[in-house]
Amino acid sequence: MERAAELFAERGVAGTSLDEVLAAAGAGKGQLYHYFHGRDELVEAAVAHRCTQVLTGLTQALGSVASLAELEQALAGFIAGFEQMGLPGCPIGSLAAEVAERNEGARLQAAAAFGAWEQLFADALERMRDRGELRADASPAVLATALLASIEGGMVLSQTRKDPASLHIAVEAGLAQVRMHLS
């Protein structure tokens, strides 16, 4: 499963054969079918594994954010990392786009990962509201959705254009929504 997750991230799900996964894992088909009923189950498990890896990093970056300055710093670090990796696209979004119409279990894994990422933002925004930095009528859930959608769109545009400017603009637009609700 770990090798499948690595290959899917590198080549895409459709661009990776089962034989390539087995060769990379040093495993045979008997071992595969001992743990998974087929390729779809392997894809679902690999997507879940990759999403868990990504969410671990996001949790480290956002789990204690409690101010606009900390949110800005976390997002600046996120952008810098994205640029250092060569604008690869969102690891969750790329998988989601590829599996959404082909594998319901994998789609649900990606949707849950987006939900968890969105919740990390909502929790940070809730902490900001609790500290009085955001107005009492601000909706952390709505702002979290806007922020995640901005970032996700910015990553797709930056990946496609091979230019980080779109992500910078998108993050700033998401933060502008947050700033509109400052106390």
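Visitor: Where is the place of Leu87?

Guide: Leu87 sits in the loop between H5 and H6. Helices are DSSP runs of H or I with at least four residues, strands are E runs of at least two, and both are numbered from the N terminus. Residue numbers start from 1 along each chain as its sequence is written, and side-chain values use heavy atoms, with hydrogens and water left out. The model is predicted, so local features need pLDDT of at least 70 and side-chain atom pairs count only at pLDDT 80 or more, while totals for chains, interfaces and linings use all residues.

Visitor: What is the phi of Leu87, and is the residue buried or exposed?

Guide: Its phi is near 60°, a positive value in a residue other than glycine. For exposure, relative accessible area is the criterion: buried is under 20%, exposed is over 50%, and partly exposed lies in between, using a 1.4 Å probe and protein chains only. Leu87 counts as buried because its relative accessibility is 7%.

Visitor: Which loop holds Lys162, and is that residue buried or exposed?

Guide: Lys162 lies in the loop between H8 and H9. Its phi is near 55°, again a positive value in a residue other than glycine. With a relative accessible area of 58%, Lys162 is exposed.

Visitor: Which residues does Ser158 touch?

Guide: A contact means heavy atoms within 4.5 Å. Leaving out residues up to four places away in sequence, Ser158 touches Phe82, Leu87, Asp163, Pro164, Ala165, Ser166 and Leu167. Ser158 belongs to helix H8, residues 140-161, and is buried, with a relative accessible area of 0%.

Visitor: Which residues of H4 are buried, and what do they pack against?

Guide: An α-helix has 3.6 residues a turn, so residues three or four places apart point the same way. In H4 the buried residues are Leu42, Val43, Ala45, Ala46, Val47, Ala48, Cys51, Val54, Leu55, Leu58 and Leu62. They pack against H1 (2-11), H2 (18-25), H3 (29-35), H5 (68-84), H6 (91-99) and H7 (104-130).

Visitor: Where is His37, and is it buried or exposed?

Guide: His37 lies in the loop between H3 and H4. At 71% relative accessibility it counts as exposed. His37 and Gln73 are 36 residues apart in sequence, and their C-alpha atoms are 44 Å apart in space.

Visitor: What volume has the largest pocket, and which residues lie nearest its centre?

Guide: On a 1 Å grid over the protein atoms alone, a pocket is an open set of points where a 1.4 Å probe fits, with protein on both sides within 12 Å along at least five of seven lines; lining residues have an atom within 4 Å of a point. Grid points are joined across faces, edges and corners, and the volume is the space filled by probe spheres set on them. The largest pocket has about 570 Å³. Its lining has 27 residues, with Arg50, Met85, Gly89, Cys90 and Pro91 nearest the centre. H1, H4, H5, H6 and H7 each give two or more residues to this lining, and H4 gives the largest share, seven.

Visitor: Which residues line the second largest pocket?

Guide: That pocket, of about 180 Å³, is lined by Met1, Glu2, Arg3, Val21, Leu22, Ala25, Ala27, Gln31, Leu32, Tyr35, Phe36 and Leu42. H1, H2 and H3 are the elements that give two or more residues to it.
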